[in-house]
Amino acid sequence: MPEETIVRREPTEIIRDDNGAVRREIWALNVDEPTLEAFLRDVFENHWAGIRFGPLIEGAAYEWRCPGAPEKIGLLDGYLTVMFGHGGHFHLCIGENRGSERFPVAPELTRRRKPSKAQLFRSRGRDGKPVTWGFEMWNGAGEPMISIFFANPFIEDDDSLSATPDFSRLATWRAISKRWLCRDPEAIDAEGRGFAHG
């Protein structure tokens with residue numbers, strides 16, 4: 001278990017709206033290769049069924065579901081590869097990508113590909129109660145690499161909004177929060193009513 005989980009971690013950043021209400025809590029994670037590999041393996045090996053993931057960039061949001069449990073997760077030359085067999089695969093640079101002796105990677109490209117920031121987050125709705133839980137990571141150029149949204153009590157498996165919240169869906173957030181932030185389940189996570197519009 002990473003050293004950072006020994007003591008309960010408080011948010012490293014709290015984002016508030018103009019009225020001072022909390023809108024987002026952020027917990028920074030170490031961006032070293034061993035931590036990111038262990039974290040991403042935990043998420044994709046143990047919690048794949050309820051997550052949505054993909055890049056979230058200005059003008060586009062990709063929220064894919066895993067087609068099944070990963071058949072293999074490997075690490076080579078700084079890249080973590082998550083294989084779903086016939087369901088495809090993806091690569092994420094989480095460490096030093098050097099290339100080979102014959103085809104070395106330029107140092108500036110290595111710096112750009114390597115993560116510069118990784119964080120867990122909990123976002124709150126207009127009522128101040130949590131509505132979204134997840135993980136985000138950026139490369140050395142500050143570009144989004146991946147966003148992972150954990151199972152949500154307000155969203156059904158078919159991505160429709162739930163008529164009634166299912167707080168058992170907080171299991172992923174609670175397991176990740178316990179392991180990586182040393183935080184026990186918090187009552188506030190089950191106080192929300194969902195997404196408010198208007």
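**Group meeting: strands, hairpins and a nonpolar core**

Let's start at one residue, Ile148. Leaving aside residues up to four places away in sequence, Ile148 touches Leu40, Val43, Phe44, Ile51, Arg52, Phe53, Phe121, Trp133, Gly134 and Phe135. Keep in mind that this is a predicted model.

Now the core. Which residues of the largest nonpolar core touch the most other members? They are Phe39, Phe44, Leu120, Phe135, Ile148 and Phe150, out of 34 residues.

Where does the core come from? At least two residues each are supplied by β2 (22–29), α1, β8, β9, β10, β11, β12 and α3 (171–181). Which element gives the largest share? That is α1, with five residues.

Take β11, residues 130–139. Buried or exposed? Strand β11 is mostly covered, with ten of its ten residues buried.

On one side we have β10, residues 115–124. Strands β10 and β11 pair antiparallel, over nine bridges. Pro115 stands opposite Asn139 in β11. The hairpin of β10 and β11 has five residues between the strands. Gly128 in that hairpin takes a positive phi, near 85°.

Then β12, residues 144–149. Strand β12 runs antiparallel to β11, and five bridges join the two. Glu136 stands opposite Ser147 in β12. Here too there is a hairpin, with four residues between β11 and β12. Its turn holds Gly142, again with a positive phi, about 80°.

A quick reminder on pairing. Strands of a sheet pair through backbone hydrogen bonds, either parallel or antiparallel.

Now a separate topic: the open sheet of three strands. The order is β7-β8-β9, and the pairing is antiparallel. Which strands are at the edges? They are β7 (72–76) and β9 (89–93), each pairing on one side only. Neighbouring strands of this sheet are turned by 15° against each other on average, ignoring direction.

Inside that sheet, β7 and β8 (residues 79–83) pair in the antiparallel sense over five bridges. Leu76 stands opposite Tyr79 in β8.

What packs on this sheet? Helix α1, residues 33–46, does. Helix α1 touches β7, β8 and β9. The direction of α1 makes about 165° with that of β7.

And that ties things together.

Definitions and conventions: Residues are numbered from 1 along each chain as its sequence is written. This is a predicted model: local features need pLDDT of at least 70, side-chain atom pairs count only at pLDDT 80 or more; totals for chains, interfaces and linings use all residues. Side-chain values use heavy atoms; hydrogens and water are left out. Two strands pair if DSSP finds at least two bridges between them. Axes are lines fitted to C-alpha atoms, for helices over the stretch in contact, and angles run from 0 to 180 degrees between N-to-C directions. Contact means heavy atoms within 4.5 Å. Buried means under 20% relative accessible area, exposed over 50%, partly exposed in between (1.4 Å probe, protein chains only). A nonpolar core is a set of buried Ala, Val, Leu, Ile, Met, Phe, Trp, Tyr and Cys residues joined through side-chain atoms within 4.5 Å.
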